[in-house]
Amino acid sequence: MSTTTEGQPASTKETIVLEGATVRLAGDSGDGMQLAGTQLTGTSAQVGNDIATFPDFPAEIRAPRGTLAGVSGFQVHFSSQEIFTPGDSLNALIAMNPAALKTNLADLDAGGALIVNEDAFSKKDLEKAGYDINPLDDDSLEGYTLFKVPMTTLTRGAVEGLGLSVKEADRCRNFFAMGLIYWLYGRDTSPTLRFIESKFGGKPDVAEANRKALNAGWNFGETTDAFVSNYQVAPAKLPPGTYKNMMGNQALAWGLVAAAKASDIGLFYGTYPITPASDILHELSRHKNFGVRTVQAEDEIAAMCTVIGAAFAGSMAVTGSSGPGIALKGEAMGLAMILELPMIVINVQRGGPSTGLPTKTEQSDLMQVIFGRNGESPLPVIAPRSPGDCFDVAIEAWRIATRFMTPVVILSDGYIANGSEPWLIPDANTLPKIEVKHPGPPADGEEFMPYARNERLARPWAIPGTEGLMHRVGGLERQDVTGNVSYDPDNHQHMTNIRAQKVENIADDVPLQEVDGPDSGDLLVLSWGGTYGANTTAVKKCQKMGLSVAHTHLRYLNPFPKNLGEILDRYKQVLVPELNMGQLRQLIRARYLKDAIGYNKVQGKPFTVAELVIKIQETIG
Amino acid sequence: MSTQLPVLKAADFGSDQDVRWCPGCGDYSILAQMKKMLPSMGVPREKIVFISGIGCSSRFPYYMNTYGIHSIHGRAPALATGLKSVRPDLMVWVITGDGDGLSIGGNHLMHAIRRNLDINIILFNNRIYGLTKGQYSPTSPLGKVTKSTPMGAIDNPLHPLSIAIGCEASFVARSIDTHIKHLETTLHRAAEHRGTSFVEVYQNCNIFNDGAWEYTKDRQTKAENTIELEHGKPLIFGTNRDKGIRLNGLEPEVVELGKGITEDDLLFHDEKASEPSLAYLLSRMRHEDGFPEPIGVFRAIDKPRYDDELNKQVDAAKAKKGDGDLNALFNSGETWTVS
């Protein structure tokens, strides 16, 4: 990577060294806060910090300007230590208008840095946010370190002479805010300068304006008396290697591409746009040179059905959606199950029920993907635990799907889908191969049996074009071995048992569950999916306090790892924190007759470490 | 080296499964004509896939010794879309009915047709729900008394070919189950067409809607009630071939030949017209409005096919960026190294 643009020099002001910091940029949904947050993430990763991010945006693309509903935020936690979450509370908040201040202030630490665009606090803006009195003028913000910065004026000044309209000039404000934050935390501006060049290179005046705004923000921090010192966060001690900042949906998409390569067959992605899964489609559709074929189907049902067609034809067939779409796919997922063909169904969960909270996170589709089909219709379910883990889970899903000839559900969520963390780039040549076998033409006189099974109970994946293997599959119950339609009562029982046993057999093929912490004790925290970071951090804190607590985090939700029951029995109590009303807990209780305790929250927000620590303390008593 | 393709017969396309349609069902004829027609295409059985939804017609794939999927209600066009997208080398048939294709699966039918994948869709139209034992279907006429409409159906029927043409179909045809030569020829034309071929077959359900198409089949009346479309020929019909269709402005009208009206005054059929309005107009000619109902190929034009275009994009991406290299992908964008 070449550095063609020089960033800012080091600050000459006093520098205070921090272990880490959590910063949130908040503004109107048209203010470019997501872009600013992404840039702060990238540049923090570049200096070698461990990072975790949490974008939080409204479902409306452009809610009425200046209103509470239209506030969009991006939170970045960067640290010199290993971190697992985007941070519970904020060390610094940048509020671009009164609405952003109002909706985010509660998360700012006492004494935290509060940087506001004071130009945006006009009477009208204040009214829209529901302020009777300007909070910048009364003493309501006394508990914070308030910096009133006339960002609009300063940005307009910085880009003066470039011939931009006022509206265009104001669009550069997010770069001014970025510049100021970069100064405050000693970030290098050059990655963002490179980004400006690549993104706006075609519009030289816009590129120049953004560059000027960024530098003006940095210079403002350096020159104004308001800021007496800035901060430094040292690089984290991450394992050696080359890293990139990775978002969950991107990691999932790349994992799928890698799995297709590892099994040497073409990837087909049939889907219908839905928040928060659409980015997987966007990413995959860019990689056609990997032989990736994407189809944006007419609806969710069609998307699932295109995947079944492609799987029958011999492709690595994948669909992605979120809860409402998965509900529509249910019938076709049942067909996919009874056809016993390999495919992957991704559910990037969001707040439910119904349309729910499309841009917020939740874990409330666990029961849906395990049980949400008519009849006895077991499907394996696995869940990634972090943005980078999505890569590995995609590959693992395809490994299971092909070894057991079954659709596999990946249960991601909006929090890890849009969140990001440093990803240690693997060497593609060392990724394990996934062996996929299609039977060839039968020997003379041999009759092909499409539902004959191997030792894992998987049937052969015979694909069209193969001479002598013509066969018909369908949603009517199949006779074992021959695959012919069968209404025989005993056969139906037998096939139901076989399909269930096949999924159970997956437990023999996956790693045993591991525990972080003591082998036995007062409490086991059992978690799954995107809450990994918060639970890990909370348990580590409690262990440091001397509490007898261990943590185990499930990737395999159906079937459960073989040793899970035995692990649960080693602790006096089991606590299951979930962003739902207790779905894993119900499964654990039903399966293991263990009286697990729930800690449940459905507020569209991830767990904070602090609330988990309190719950653990309370539970142990 | 040359390989001799085995010459297949109709019987080679039959599977070992017992056919379980009701005796006398029109589906038998469609199955027979399909089996009779396919050998002439010279496509090996393993390169053919039949996909169906749910309904009586959708049992069809079980009776063909090819690859097949008996899927779920209305979704066969969507399965075919995925299959053909990744395997353009296969010959793909979608078998559907008036309920499966136009009611529960209407959306998929519409989108498969507009994408113009190189697939063949055969819609068995018997104007009734047979497998669920006799409810009215989206093609049942107004006032139709069925189990679910004891006082008569009050929703307007759909006309399958009008829908297909509205969806920008590149091939649209109609035939009749008992008109076996015509049916075989029509299936052959559909199979030869590159792009989505949509064929409506008037099919008799002798149990729940017997005689629904009798006016097109009865020896006494069929010449008066149907008109066979032939490309480049005037629209002439009638037992004595003495009637024709003339265009009066935007309205077709039945005229008698002679008395100053010659063949040259009639509407000439042009299945290759790029503009679909005439084909649409033909699809609107209904018996109950006093018109003979056209059979044959309404429209057969060449248009880009989705499966072709999709695979062209893959080829173009490979030509431009080279075969996908995972290490290059992983290391793209901003990266940093920890030593």
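Predicted model: local features only at pLDDT ≥ 70, side-chain atom pairs only at ≥ 80, totals over all residues.
Residues are numbered from 1 along each chain as its sequence is written, chains are lettered from A and ligands numbered from 1 in the order in which they are written, and side-chain values use heavy atoms, with hydrogens and water left out.

**View 1. Helices α11 and α12 of chain A pack against each other.** Here α11 (residues 300-313) and α12 (residues 323-339) of chain A meet at an angle of about 20 degrees, their axes 7 Å apart. Axes are lines fitted to C-alpha atoms, for helices over the stretch in contact, and angles run from 0 to 180 degrees between N-to-C directions. Helices (H or I, at least four residues) and strands (E, at least two) are DSSP runs, numbered from the N terminus. Residues of α11(A) that meet α12(A) include A:I301, A:M304 and A:I308, and among their partners in α12(A) are A:L328, A:A332 and A:L335; contact means heavy atoms within 4.5 Å. By class, this contact has 11 nonpolar, 1 polar and 2 charged residues. Ala, Val, Leu, Ile, Met, Phe, Trp, Tyr, Cys and Pro count as nonpolar, Asp, Glu, Lys and Arg as charged, and the others, Gly among them, as polar.

**View 2. A salt bridge joins A:K329 and A:E300.** Their side chains meet at 2.9 Å, N to O. Because A:K329 lies in helix α12 of chain A and A:E300 in helix α11 of chain A, the pair ties together parts that are 29 residues apart in sequence.

**View 3. Chain A meets chain B.** The contact takes 75 residues from chain A and 60 residues from chain B. Together the two chains bury about 5500 Å², 60% of it on carbon and sulfur atoms; buried area is the accessible area (1.4 Å probe) that two parts lose on being put together, summed over both. In chain A, the residues losing the most area to chain B are A:N289, A:E298 and A:R472, together 14% of what that side buries. The rule finds 2 salt bridges across this interface. B:E334 forms a salt bridge with A:R194, and the closest N and O atoms are 3.1 Å apart.

**View 4. Two cis peptide bonds can be found in chain A.** A:G352 and A:P353 are joined by a cis bond with omega about 0 degrees. Look for A:P353 in the loop between β13 (343-349) and α13 (366-371) of chain A. The bond from A:N558 to A:P559 is cis too, with omega near -5 degrees, and A:P559 sits in the loop between β20 (556-558) and α18 (564-568) of chain A.

**View 5. A:L593 has a positive phi.** This residue is not a glycine, and its phi is near 50 degrees. A:L593 is placed in the loop between α19 (583-592) and β22 (597-600) of chain A.

Definitions and conventions:
Salt bridge = Lys/Arg side-chain N within 4 Å of Asp/Glu carboxyl O.
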